[in-house]
Amino acid sequence: MNLSPRQLRIFVLLADSLSFRHTAERLHVTQPTLSRLVKEIEDIAGARLFERTTRMVRLSRDGRDILETARRLVAQHDDGMRELTQRLRERHQRVSIAALPTLAASLLPQLIHKLRQQAPRAQLEVRDSIAGEALALLRERRVDVAITARGDQRPADLLYEELFSEPFVLFHSAEIAAPLRHWDTAKLGRLPLISMLPGTSVRELTESVFRKEAQRFEPMYSLRDLGAIARFVQANCGIALLPESAVDYSVLRGVRKTRLKNAPTRSIGLFIRQGEPCGRLLQSTLQALRELGRARQHEP
């Protein structure tokens, strides 16, 4: 049998939850993808590890027999990877960060300058990614820190620390007057709104706020790329309803920002893995991020 550490982890997660939906959410994959992965695991093992129907999932006898061994192997792999990663990063003075694209563009250049003053030989690796991708990179140990929005879920395997909070605002063409000054989902719903794609943290938070006020959120355009959204606004093709840091309107000619009284906010912060020691460079990085977060929070 030659199961990879990832395959063993998938088996243990599904054995613990006995729910394809919950396990797929933990792994950030679709349920059909998880079903395919489980079939591959069973093919390699040469045994059916789960008994499943349309109503329930349970471990088979073979699944129960190997579960504790699989748990032990996953734990050993995690311990080994923690030690290897820590040693290599400290030796080479390297820290890797995943961040939302807007934060990568605005916050991380300031972080690089701060770290260069404290540790001139430090290497900062940056990956710009959406929220779910950033947390996946963190779980896969491809980054040390994820800077993103906190969603409704509270991952048990990760620690979250807020850096700052920011309100939702309207970005609109300078050719038109601000259509609203107060947060009103009914009136907002009648505007030609632009938002991000369904499934992104911004869209999910927006839909949640509208839903709580018994309103449907149906934007005219849904786009993945914030640059494309900014261009649509610039061309007066609609009005973007987004968190304040989503668009750097100051460098876009003809774009204005309007703050709305009583607008909802989102929390931006850093995620790190639970229970792992922080080397000196990572501690310096976290402290510098906290200082930048405090400065951002107090911006006018």
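**Close-up views of helix packing**

**View 1. Helix α1 packs against helix α2.** Helix α1 spans residues 5-17 and helix α2 spans residues 20-27. They pack at an angle of about 140 degrees, with their axes 8 Å apart. Helices (H or I, at least four residues) are DSSP runs, numbered from the N terminus. Axes are lines fitted to C-alpha atoms over the stretch in contact, and angles run from 0 to 180 degrees between N-to-C directions. This is a predicted model: local features need pLDDT of at least 70, side-chain atom pairs count only at pLDDT 80 or more, and totals for chains, interfaces and linings use all residues. Residues are numbered from 1 along each chain as its sequence is written, and side-chain values use heavy atoms, without hydrogens and water.

**View 2. How are α1 and α2 oriented to each other?** The two helices are therefore oblique. Angles under 35 degrees count as roughly parallel, over 145 as roughly antiparallel, 65 to 115 as roughly perpendicular and the rest as oblique.

**View 3. Residues of α1 meet residues of α2.** From α1 come Ile10, Leu13, Leu14 and Ser17. From α2 come Phe20, His22, Thr23, Arg26 and Leu27. Contact means heavy atoms within 4.5 Å.

**View 4. Helix α1 crosses helix α3.** Helix α3 covers residues 31-45. The axes of α1 and α3 come within 10 Å and cross at roughly 110 degrees. That makes α1 roughly perpendicular to α3.

**View 5. Side by side, the α1 and α3 contact residues.** On α1 they are Arg6, Gln7, Ile10, Phe11 and Leu14. On α3 they are Leu34, Leu37, Val38, Ile41 and Ile44.
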